[in-house]
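Q: Can you walk me through this one? I have the files open and will jump around a bit.

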Amino acid sequence: MNYLDTITRMNLHEKYLLTSKQIPDFISFLKTQGAVYAAQKKGEQSYSYQYVEDPANVVLDYPRTIQPLKKFFLPPREELLSFDYQNNSYQKTDVVAEKRIFFGIHSYEMQGVLRLDYSFKKGNPEGNYLNRRENCIFIGVSYEPDEFHLANALGIEVENTEGLSIYLEPVREGYIAFVIDEAGQNLIQGFGKTAKVTETIHIKEKPAKAKIRYHYNRLPKVFEHVYTSQVWGQIAKKCLGCGTCNLLCSTCYCFDVRDEVSLDLQSGTRERFWDGCMLNRFAEVAGNENFRDELSSRTRHRLHRKFKYLTEESGALHCVGCGRCSKYCPAKINLGTTINALIDDFTEQQKLKEAY
Amino acid sequence: MSKPKVAFFDFTSCEGCQLNKLNFENDFLDMLEHVDIVEFREAMDDKADEYDIAFIEGSISTPTCIERIHDIRRRAKVLVALGQCACSGGVNAMKNLHQPDWVREEVYGNEKYRFPSIPAQPVSAVVKVDYEVRGCPMSAPEYLHIFKSLVMGRKPEIFDHAVCVECKLKENECVLDKGMFCLGPVTRAGCEAICPGNGQYCTGCRGPISNLNLEGAVEMLREHGFSETEARKRLHLFSANELV
Ligand code: SF4
Ligand code: SF4
Ligand code: SF4
Ligand code: SF4
Ligand code: SF4
């Protein structure tokens, strides 16, 4: 991608300077407009999106959070209904769609939410998810890709603004706020304290550290030819089946449901929680049969979901390159390395074909 | 409907699981409303001929254990193993890795002939076990789930996924990222990742998931800077029977 194009495209938007000093004020202002959520420190060296109590705790320069943004729309654990055996009744748990502002999110994260929108809108629209998606404003921020981010290589540049209302780019004095849509315009105007910027902003290129050997457009093609690749078996030797790569994935949406009765044995709740195709009970059917018993076939399925099945349906890759599956895999299985190995396999096959 | 008759028995163990149960306090008292406790050495003294649910704590490690467990099984409609000793032999099974004579001498010295002992085995090695509550001590959330389900006549749902899943659901910071050791990726969930949730590593006290990739686990720990010897030793702590 040509960075000059990016600079030209970005400079078509209205721009305002938010000085470093003004950022906490701006966040305080946002708090008067809705519930604000942003990345904050979690533990020693991790980050997590949390409700913003104190603007001083908001972090704008971070590699990624542990859980993706999906946690706000498809919570890790969620009560679906409560029931009562005594009068044989149940009540659906209300989902309130409060106004929420997500402050300082990365472009791949926004893309992840757009992929989930696709998954939850098609077929049987998922009410709870769609309710929670109402009334949300997203304010993006630039980031420095690390060795796990694949977004760039998958066609999602750092400055991708789709779905965002404002995009923040760091400069010496603070941040340039690029106004992307009307909601963003209203927020900047409502805050009122920022100076309009008229000169061209020369956004610095943020080089990607992780590379994929093919253009991302060719990946669905590669996945048509690697179903029997040895790569799946090689990964399965290291893979522990822990499911981290499913649960933390920006676009995975699978869940399981369980009823739990209270101690009175009269009433109870139905809860759903994140599940994933790497886990044992996922493909288990009656009689303890498991139609995807091997870890190799599970990884193969997971990646086909990201690069082929849903892509054929929707036209978009369903991996947004957040890098969580690589960063948090305890066995250090890296998605970029896997894709490159599959590409090598594919290239090898093509060569053999030509030789005949 | 009469209340189900419930009994608790202990075999070779530290009895930590039974005490752990009394620690539920209010929850435990609430549950007692729904059952008749007919045998529970720690709390009362009574005998009954038949049990709807028999909870067994501890491993099978002497010839008399075998007789007793057969007797209990005959009189129990549902039999539940409580805690890691009962489920896998637990820490007791560490002794199985050594010569039996040496073990007896170490423990009983000159008196060793008065204490016949056999390798520590899970209850399931001798009789049919219907459900297991894993953990050392047994995990309270799983125990409550199984207890409530059985009293209501429902089939309990037991997890067969890794502790990591529970960490991810809670968005815990991974202790591996802090340079600590962890067996969570191969240990069976059901404890709500209580150790990593409190900044500790998982020692694997609930035993491995059913599709344990043992060599993968050793390799994973090596990737994180732990020697193969250390990795194997720690994997054996609670799961000697399952891993040999
Ligand atoms: S996170 Fe890694 S070890 Fe865990 S299931 Fe995924 S690939 Fe396997
Ligand atoms: S597959 Fe991996 S990199 Fe892609 S969206 Fe999921 S977690 Fe992120
Ligand atoms: S990759 Fe697996 S867990 Fe993720 S959405 Fe697809 S089937 Fe579900
Ligand atoms: S702390 Fe342990 S159990 Fe939790 S995610 Fe990390 S490896 Fe898994
Ligand atoms: S986290 Fe690990 S060691 Fe701690 S209770 Fe759970 S299984 Fe046992």
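The chat below goes through conventions, the interface, the ligand shells, a helix and some salt bridges.

Q: What are the ground rules here?
A: This is a predicted model, so local features need pLDDT of at least 70 and side-chain atom pairs count only at pLDDT 80 or more, while totals for chains, interfaces and linings use all residues. Residues are numbered from 1 along each chain as its sequence is written, chains are lettered from A and ligands numbered from 1 in the order in which they are written, and side-chain values use heavy atoms, with hydrogens and water left out.

Q: How many residues of chain A are in contact with chain B?
A: 45 residues of chain A contact 39 residues of chain B, where contact means heavy atoms within 4.5 Å.

Q: And which residues in chain A lose the most area to chain B?
A: A:Leu240, A:Arg258 and A:Leu263, which together make up 20% of what that side buries.

Q: What is the area buried between the two chains?
A: About 3700 Å², with 54% from carbon and sulfur atoms. Buried area is the accessible area (1.4 Å probe) that two parts lose on being put together, summed over both.

Q: How many salt bridges across that interface?
A: The rule finds three; it asks for a side-chain nitrogen of Lys or Arg within 4 Å of a carboxyl oxygen of Asp or Glu. A:Lys71 pairs with B:Glu171, with the closest N and O atoms 2.8 Å apart.

Q: Switching to ligands. Which residues surround ligand 3?
A: A:Asn246, A:Cys252, A:Tyr253, A:Cys254, A:Gly276, A:Cys277, A:His301, A:Arg302, A:Arg305 and A:Lys306. The cut-off is one heavy atom of the residue within 4 Å.

Q: Which helix gives the most to that shell?
A: Helix 9 of chain A (residues 295-314), with four residues. Helices (H or I, at least four residues) and strands (E, at least two) are DSSP runs, numbered from the N terminus.

Q: How do the shell residues divide by class?
A: Four are nonpolar, three polar and three charged. Ala, Val, Leu, Ile, Met, Phe, Trp, Tyr, Cys and Pro count as nonpolar, Asp, Glu, Lys and Arg as charged, and the others, Gly among them, as polar.

Q: And what classes does the shell around ligand 4 have?
A: Nine nonpolar residues, one polar and one charged. The residues around ligand 4 include B:Cys164, B:Cys167, B:Cys174 and B:Cys182. Helix 7 of chain B (residues 163-170) gives the most to this shell, with four residues.

Q: What does chain B come to in secondary structure?
A: Eleven helices and five strands. Of its 244 residues, 51% count as buried, meaning under 20% relative accessible area; exposed is over 50% and partly exposed in between (1.4 Å probe, protein chains only).

Q: Is helix 6 of chain B mostly covered or mostly open?
A: Mostly covered: ten of its 13 residues are buried. Among them are B:Glu142, B:His145 and B:Lys148. Just after the helix, B:Gly153 takes a positive phi of about 75°.

Q: What should helix 6 of chain B span?
A: At 1.5 Å a residue, its 13 residues (140-152) should span 18 Å, and the end C-alpha atoms are 18 Å apart, which agrees. The expected span is 1.5 Å times one less than the number of residues.

Q: Back to salt bridges. How many over all chains?
A: A search of the whole structure finds 31. A:Glu78 and A:Arg132 form one, the closest N and O atoms being 2.9 Å apart. This pair links distant parts of the chain, strand 4 (residues 77-84) and helix 4 (residues 127-133) of chain A, 54 residues apart.

Q: Why does A:Glu78 count as buried?
A: Because its relative accessibility is 5%. A:Arg132 is buried too, with a relative accessible area of 14%.

Q: Where do A:Lys308 and A:Glu312 lie?
A: Both lie in helix 9 of chain A, four residues apart, about one turn of the helix.

Q: Is A:Glu312 buried or exposed?
A: A:Glu312 counts as exposed, at 54% relative accessibility, whereas A:Lys308 is buried at 16%.
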